[in-house]
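Welcome, and please open the model in your viewer.

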Amino acid sequence: MSFTRRFGLALSGGGYRAAAFHLGTLRKLHEMGRLASIDVISTISGGSITGAAYCLHQGTFEEFYDQMIQALLCCNVIRRALLSWSFVRFLLVVLAFLVPSGALLFTHWAPFSLVPLVGLVLVVLRYQFRLLPVSREIEQAYDAFFFQGQTLQHLRSTPILAIGTSNLQTGRPFTFSREWMADSTYAYYQPPVHFDAADFPVARAVAASSCVPFAFTPITIDAKYFREPADASRAQPQLIDGGVYDNQGIQKLTQANSRYECNTIVVSDAGAGLSPLGSRQYPNTAALLLRTVDLFMHRIKNAQMMANLFQRATEHSKCVAYLSLGWQLKNSIPGFIDNLAQGNISPAVMAARQLRADWIANPKEYRFALTEHLEQQVGYADLAARDLTIDEWQVVCQVGTNLTPLTSIQLELLTRHAANLTEIQVKLYWP
């Protein structure tokens, strides 16, 4: 499978923070006349909210943008889930054990007050996902706020949307798109297992993409979505957050011979990085576990970037414009020069930037000349005038990754920061 000048866009995970940040990326690509050139949009978690909403919208970009702004300001997915009957039922079950346990404390049966508590633990361990199907409630909230009952067949044919999840059964990514949903592992079953994508709910695919481990229930696929319903007994996908496997959504865009492979790629990463905690202590196991998970995911992200962004992209002559929420605009041009020194800039990009041979041969020696040349090429002075202040940038980095409404200030800063980074990175790395 080969492609000629095929353009891809990857939208990372990160809850509403990511949904808003990627909205700024889309807006800037639209303003630059680049969005219409995108062939594939690969999305993860919060990026799947914005990506799916964009690929379902049939009106103008401005209408889509305004609708998303209002949704991110007003629609509270978590509150809707907490007010659901499923959550109320779960609380009633918990109370059914806690009340007797408390009552026993005031009787001569007090030593037996632990029995209901042990029973509660056993019930939760055995039936947690049945008693509290969080992902089903999240799906219903997504459907009400963003997707209104639409299925994968309602997605536009261009650009191709690839919604990424992680499959616990196979340890591989599982992807949803308009005409194809699968995990490549199932193609090697004898006989192969195939799925029917057309009628699968978009809200469920996005819920699977953002199904945070421990918090949400793994998403399963009903037999009616198998081409052969009997295959549901052989293949039983258990889908969780796509970020567990690839939080940037770049893997399928850079993988050779993938049906989503692209030559020129923009990666919009809403990750704020692993912030140092100074002298903060860890008073309990839960706090230590959360920080350990953050460190583990940060390490995976760095390994993925090296494999997908630098090694694979360079080997296959791909051009990748990468931008991250945790970056500052002022570091973009110095970062380009560092990449040039490390051999991570493709010949096509060097030619497009009109770099002299001696600059390419020794970037460190000519750093000042390169900086001056690139600043003029990308119009850095105008970009710097629109840049966030250090205080505004810190506000952006501190926005959480949950699914509760953003403030108007957070939304404005996130979209502006994304737009600025998108413009400079595309002008630097897109040939």
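**Before you start**

This is a predicted model, in which local features need pLDDT of at least 70 and side-chain atom pairs count only at pLDDT 80 or more, while totals for chains, interfaces and linings use all residues. Residues are numbered from 1 along each chain as its sequence is written, and side-chain values use heavy atoms, with hydrogens and water left out.

**Stop 1: the whole chain**

Show the chain as a cartoon. Its secondary structure comes to 18 helices and eight strands; these are DSSP runs numbered from the N terminus, with helices being H or I over at least four residues and strands being E over at least two. Of the 431 residues, 48% count as buried. Here buried means under 20% relative accessible area, exposed means over 50%, and partly exposed lies in between, using a 1.4 Å probe and protein chains only.

**Stop 2: two annotated residues**

The UniProt annotation "active site", from an unreviewed entry, covers S45 and D241. They span 197 residues in sequence, yet no two of their C-alpha atoms are more than 6.3 Å apart, so they gather at one spot. UniProt positions are given in the numbering used here, feature names are shortened, and annotations may be inferred rather than shown by experiment.

Zoom in on S45 first. You will find S45 in the loop between β2 (38-44) and α2 (46-56). Is S45 buried or exposed? With a relative accessibility of 7%, S45 counts as buried. Leaving aside neighbours within four places in sequence, S45 is in contact with G13, G14, G15, S209, S210 and D241.

Next, centre on D241, which sits in strand β6 (residues 239-241). D241 is buried too, at 9% relative accessible area. Not counting residues up to four places away in sequence, D241 touches several residues, including I44, S45, S166, S209 and S210.

**Stop 3**

Select residues 408-429, which form helix α18. The helix has 22 residues and should span 32 Å at 1.5 Å a residue; its end C-alpha atoms are 31 Å apart, which agrees. The expected span is 1.5 Å times one less than the number of residues. Of those 22 residues, 16 are buried, so α18 is largely enclosed by the rest of the structure.

Side chains of opposite charge can pair when their charged atoms come close. A salt bridge here is a side-chain nitrogen of Lys or Arg within 4 Å of a carboxyl oxygen of Asp or Glu, and the structure holds 16 of them. To see one, show the side chains of E423 and K28, which meet at 3.1 Å, N to O. E423 lies in helix α18 and K28 in helix α1 (residues 15-31), so the pair ties together parts that are 395 residues apart in sequence. Both E423 and K28 are buried.

**Stop 4: two further salt bridges**

Pick R204 and E139, whose closest N and O atoms are 3.1 Å apart in a salt bridge. R204 belongs to helix α8 (residues 202-209) and E139 to helix α7, so this pair ties together parts 65 residues apart in sequence. Both R204 and E139 are buried.

Then select D338 and R367, whose side chains meet in a salt bridge at 2.7 Å, N to O. D338 lies in helix α12 (residues 332-341) and R367 in helix α15 (residues 367-378), so the pair ties together parts that are 29 residues apart in sequence. D338 is partly exposed at 32% relative accessible area, and R367 is partly exposed at 28%. Salt bridges that share partners also join R27, K28, E31, R386, E423 and K427 into one network.

**Stop 5: V99 on helix α5**

Finish at V99, which is in helix α5. V99 counts as exposed, at 53% relative accessibility.

Notes: Contact = heavy atoms within 4.5 Å.
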